Amino acid sequence: MPDTAVPDRRWLEETIELSKKCPPSKTAFSVGAIIVSADGEVIATGYSREGDPHDHAEETALAKVEGDSRLASSTIYTSLEPCSRRSSHPLTCTQLILAAGLPRVVLAWREPNIFVDCEGAELLRAAGCEVIEIPDLAPAVRAVNAHLLG
């Protein structure tokens, strides 16, 4: 099995940079997401509020490649744990990831209990997804979202 730690860290760092493009919000996190194929090609990127004030990063990236057969062997990198509850859209990012058939999720920071009690990582694992957390990158994600933490 190949060592994925170095590319995982690199892609996750890129999601953090992408999250800096998010229009500011007092009611939502700034998040970046990148979907990478098994051979290391970026399939899609997304960030919170990229097209609509209610869009989440994972949702935006997945919408760009809906139905792409490469998703079944790809990884989604996200700066923040995929949501497991939301009121603005019918499906959560966790549900969208599972519906797309992505087998692997890599995240930096577990969603803090500010808006909802998130359990995306647990739900993904329970459904058979491999979930990798790189928590030493969480401070960079917190810095992008400092406006919500004070």
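In this predicted model, strand S3, which spans residues 75-80, pairs with S4 in the parallel sense over five bridges. Within that pairing, threonine 78 stands opposite leucine 107 of S4.

How many of the six residues of strand S4 are buried? Six of the six residues, 104-109, are buried, and S4 is therefore largely enclosed by the rest of the structure.

In one of them, tryptophan 11 and tyrosine 77 adopt a tilted arrangement, with 6.5 Å from centre to centre and 35 degrees between the planes. Because tryptophan 11 lies in helix H1 (residues 5-19) and tyrosine 77 in strand S3, this pair ties together parts that are 66 residues apart in sequence. Both tryptophan 11 and tyrosine 77 are buried. Phenylalanine 29 and tryptophan 109 form an aromatic pair as well, and this one is edge-to-face, at 6.0 Å centre to centre and 85 degrees between the planes. Since phenylalanine 29 belongs to the loop between H1 and strand S1 (32-36), whereas tryptophan 109 belongs to strand S4, the pair ties together parts that are 80 residues apart in sequence. Phenylalanine 29 has a relative accessible area of 6% and is buried, and tryptophan 109, at 9% relative accessibility, also counts as buried. Returning to tryptophan 11, its ring has the charged end of arginine 10 sitting over it, 4.0 Å from the ring centre.

The largest nonpolar core holds 39 residues, of which Leu12, Ile35, Ile97 and Leu102 touch the most other members. Two or more residues of this core come from each of H1, S1, strand S2 (42-47), helix H2 (57-64), S3, S4, helix H4 (120-126) and helix H5 (138-144). Which element gives the largest share of this core? That element is S4, with five residues. As for isoleucine 35, its contacts, leaving aside neighbours within four places in sequence, include Val42, Ile43 and Ala44, together with Ala61, Leu62, Thr75, Ile76 and Leu102.

Helix H2 can be followed in more detail. Six of its eight residues are buried, so H2 is largely enclosed by the rest of the structure. The buried residues of H2 are Ala57, Glu58, Glu59, Thr60, Ala61 and Leu62, and they pack against S1, S2, S3 and H3.

A last point concerns the loop between S2 and H2, where arginine 49 has its place. The phi angle of arginine 49 is near 65 degrees, a positive value in a residue other than glycine. Is arginine 49 buried or exposed? With a relative accessible area of 9%, arginine 49 is buried, since buried means under 20% relative accessible area.

Notes:
Residues numbered from 1 in each chain as written. Predicted model: local features only at pLDDT ≥ 70, side-chain atom pairs only at ≥ 80, totals over all residues. Heavy atoms only, no water. Buried < 20%, exposed > 50% of the residue type's maximum accessible area, 1.4 Å probe, protein only. Helix = DSSP H or I, 4+ residues; strand = E, 2+ residues; numbered from the N terminus. Pairing = 2+ DSSP bridges. Phe/Tyr/Trp six-rings, centres within 6.5 Å; stacked < 30°, edge-to-face > 60°. Lys NZ or Arg CZ within 6 Å of the ring centre and 35° of its normal. Core = buried A, V, L, I, M, F, W, Y, C linked by side-chain atoms within 4.5 Å. Contact = heavy atoms within 4.5 Å.
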